[in-house]
Amino acid sequence: MKQYNFLNLRNGNDPFIDSLKQAACRVIESGRYIGGPEVDTFEQKLAATCRVNHAIGVSNGLDALTLILRALITLRRLKPGDQIIIPANTYIASVLAATHSGLTPLLVDVDPVTMNIDPQAVARAITPSVRAIMPVHLYGRAAWSHELLDIIRSHRLLVIEDNAQAIGAHAPCPGLNDTRITGSLGHAAAISFYPTKNIGALGDAGAVTTNDPILAKTIRTLANYGAETRYHNTLQGFNSRLDPIQAAMLSVKLAHLDTLNADRFARALAYENTIDNPIVTKPPIGANPLHCVWHQYVIRINNGKRDQFRRLLLEKGVHTDIHYPVPPHMQPCYAGHIDHGPLPVTTLLADQILSLPIGQGTTVADAAAIARIINTINP
Ligand SMILES: *Cc1c(COP(=O)(O)O)cnc(C)c1O
């Protein structure tokens, strides 16, 4: 029986393998293993991609988020104890960045259709201590709307985008006819290049994007031991730099961002057009295909039998995943001591969601075949 793997990272790198080997050799031969031209070049390419003035390579996505928040505290634009609104349906890294920085996360519920932050829940959650918000473009979908922007403007909130899953997505922009790209919407944004992300390194890597030169400089300093110049430590910093070998890998793959995201959209479209099962709710494909870069294709099983559904799919060779089975506020490290409003949608989603294969290695024909199998399943 044909097996439909959830994700095969080796296959995903197949189209780039010669370029990746050449780039790796270039770094090995260069003798430059921290910083240097590979990192500078990649940062410039990334800034251009995200249409911002500054991109700072760091060690991973969690560090990118944490360094933004720490820098905002260093610059006294935030202070320890300030509340930051974060959607409850997210990967735990979003919340860890806040608590690691001494901020107080305030988790709010998500919209049942987009599964992203619900602007009405944000409006209800605002208190005088709320100084910042972290929209998470979860599953690759830009979490941005007129309503959200109105709240941000009227409360003068700092906006830190968790753009780990959505590089290349476009957000509708109120007041402009145009769209703007994620990573350029707020004061700063964090990207992850974890190997499973839309642009994956061959190890851990991440970056910050921002238009704010002072914030950029502070993040760069904090990430390099707090030193602006060598052995002159103005801040109590960290070691969180992007390795040149990863920068070289990422430069190869970033050049193909639009194609990689278009391939994901084609697979999502195959699911959209072929899945037809009354117990399955599909994610909205949307009028503008650029609004989502389909990091995950997440369906909902609405008869309360998601786990049985998943098992039957596996028996037919379809491997799936769940993003995420336990939301951060229910994890042992946070349960009972994290602030949140009512979270009925997040709690329901955790029991209903199922991620289908959509990464490199899954073809459009595979997606259509998986969809036809889905149509036969009724636990
Ligand atoms: C992957 C991810 C992160 C963290 O990125 P790492 O590179 O794994 O540290 C943060 N937020 C979200 C939503 C993610 O998916």
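Let's start with a pair of helices: α3 passes α9 in a left-handed crossing. Please keep in mind that this is a predicted model.

**Two helix pairs**

On the α3 side, the residues that make the contact are Glu38, Val39, Phe42, Lys45, Leu46 and Thr49. Across from them, α9 brings in Pro244, Ala247, Ala248, Leu250, Ser251 and Leu254. Sorted by class, the residues of this contact are eight nonpolar, two polar and two charged.

Now to a second pair, α4 and α8, whose crossing is right-handed. Here α4 contributes Leu67, Ile68, Arg70, Ala71, Leu72 and Thr74, while α8 contributes Leu215, Thr218, Ile219, Leu222 and Ala223. This contact of α4 with α8 counts eight nonpolar residues, two polar ones and one charged one.

The table sets out the geometry of both pairs.

| Helix pair | Residues | Axes come within | Crossing angle |
|---|---|---|---|
| α3 and α9 | 37-49 and 244-254 | 8 Å | roughly 40° |
| α4 and α8 | 61-74 and 213-223 | 9 Å | roughly 110° |

With axes that cross at roughly 110°, α4 is roughly perpendicular to α8.

**A look at Phe16**

Where does Phe16 sit? You will find Phe16 in the loop between α1 (9-13) and α2 (17-30). Is Phe16 buried or exposed? Its relative accessible area is 6%, so Phe16 is buried, the cut-off for that being under 20%.

Which residues does Phe16 touch, leaving aside its neighbours within four places in sequence? They are Val252, Lys253, His256 and Leu260. Two of these, Val252 and Lys253, fall within the residue range of α9, 244-254. Arg70, one of the α4 residues in the contact with α8, is another matter: Phe16 and Arg70 are 54 residues apart in sequence, and their C-alpha atoms are 36 Å apart in space.

**The protein as a whole**

Stepping back, the protein has 13 helices and 15 strands. Its radius of gyration is 21 Å, close to the 21 Å that the globule rule gives for 379 residues, so the protein is as compact as a globular protein of that length. Taken along the principal axes, the C-alpha atoms fill a box of roughly 65 × 55 × 45 Å.

Of the 379 residues, 55% are buried, and Phe16 is one of the buried residues. Finally, consider the contacts between residues at least 6 apart in sequence: 73% of them join residues at least 24 apart.

Note on methods. Residues numbered from 1 in each chain as written. Predicted model: local features only at pLDDT ≥ 70, side-chain atom pairs only at ≥ 80, totals over all residues. Heavy atoms only, no water. Helix = DSSP H or I, 4+ residues; strand = E, 2+ residues; numbered from the N terminus. Buried < 20%, exposed > 50% of the residue type's maximum accessible area, 1.4 Å probe, protein only. Contact = heavy atoms within 4.5 Å. Axes fitted to C-alpha atoms, helices over the stretch in contact; angles between N-to-C directions. Parallel < 35°, antiparallel > 145°, perpendicular 65-115°, else oblique. Left-handed = near helix turned anticlockwise from the far one by under 90°. Nonpolar A, V, L, I, M, F, W, Y, C, P; charged D, E, K, R; others polar. Rg over C-alpha atoms; globule rule 2.2 N^0.38 Å.
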